[in-house]
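This report walks through a protein fold for a reader meeting it for the first time. Please look at the sequence and the structure before reading on.

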Amino acid sequence: MSEGSLSDEASTIPCLVESVLKRGSTAAPAVTVSWAQSLDGAIAAAEGKRTTLSGPESLTLTHRLRSLHRAILVGIGTVISDDPQLTVRLVQGPSPQPVVLDSFLRFPLGAQLLARRDRAPWIFHAAGAPSDKAKALELRGAVLFPLSSDGATLPLAEVLRILGTHSIDSVMVEGGARVLRSFITGRMAQQAVITVSPVRMDGISIFEAGRNSMPAFAESRQEQFGRDSVTWGRFA
């Protein structure tokens, strides 16, 4: 572990992330999963409740990592609870294409993502989702991708395949817990960047005790960003 409080410029983590992205397959985008959690593994205080864990230094690193990816992906729960912009604001660099998994088209029509004129969100949904909501979203600029699906779960391999056909060669997955867990347990992510904040919080975790566990890393590195510890790991 590196000593002291590192700046984004002094960190090797962006270089490690980028090196893995360059090894990605041409058939599907390389995937980075990234999240912030408490010491006891919670990423949110409660379902649907916005929770801020990252300090300013680790948040700046997150924006640097966003700038290295062509797309950034979240589930609809994150859009509803956080109303994120999913842009690069704290560093210089391009903002990634926002991608949202939203089986039943619950996407709020007043979401900040729909106010973006440069990069309207791409929304993947189940083919049977309400057509009137689909039309309303398209009128606001969203690009919709209907998929065959048995319920709330969308086929992630198909999502990645479609993104690849649209020149997306790298994706940063930022949440929520179920989406992150699906990418990890489905072996669809090549690397992870995990920010651990020095607080304890009884809340929502990605891996539930006794049910799932994080796969082993083939290699990893840990660095300190202000009060937060950030781990990069390449999956075996």
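## Helices across the sheet

Helices (H or I, at least four residues) and strands (E, at least two) are DSSP runs numbered from the N terminus.

This is a predicted model, in which local features need pLDDT of at least 70 and side-chain atom pairs count only at pLDDT 80 or more, while totals for chains, interfaces and linings use all residues. Residues are numbered from 1 along each chain as its sequence is written, and side-chain values use heavy atoms, with hydrogens and water left out.

## The sheet

## Around strand β5

Strand β5 (residues 122-126) pairs in the parallel sense with β4 (residues 97-101) over 3 bridges; Val99 has Trp122 as its bridge partner in β5, and Leu101 stands opposite Phe124. β5 is mostly covered, with 5 of its 5 residues buried, where buried means under 20% relative accessible area and exposed over 50%, with partly exposed in between (1.4 Å probe, protein chains only).

Towards β6, β5 is joined by 5 bridges, and the two strands run parallel, with Ala126 bridged to Leu147 in β6. The chain crosses from β5 to β6 through helix α4 (residues 131-139) in a right-handed β-α-β crossover, meaning that, with the strands pointing away from the viewer, the path from the first strand over the helix to the second runs clockwise.

Lys133, Ala134, Ala136 and Leu137 are the buried residues of α4. Seen down the helix axis, they fall within an arc of 165°, so they line one face of α4; the arc is that of the directions from the helix axis to the C-beta atoms. These buried residues pack against β5 and β6, whereas the face turned away from the buried side carries the exposed residues Ser131, Asp132, Lys135 and Leu139. Just after α4, Gly141 takes a positive phi of about 105°.

## Nonpolar cores

The largest nonpolar core has 32 residues, and those with the most contacts inside it are Val33, Leu73, Phe124, Leu163, Val173 and Phe183. A core here is a set of buried Ala, Val, Leu, Ile, Met, Phe, Trp, Tyr and Cys residues joined through side-chain atoms within 4.5 Å. A second, separate core of 17 residues includes Ile72, Phe107, Leu113 and Ala142.

Not counting residues up to four places away in sequence, Phe183 touches Val31, Val33, Leu73, Leu156, Leu160, Val173, Met188 and Ala189, contact meaning heavy atoms within 4.5 Å.

Conventions: Pairing = 2+ DSSP bridges.
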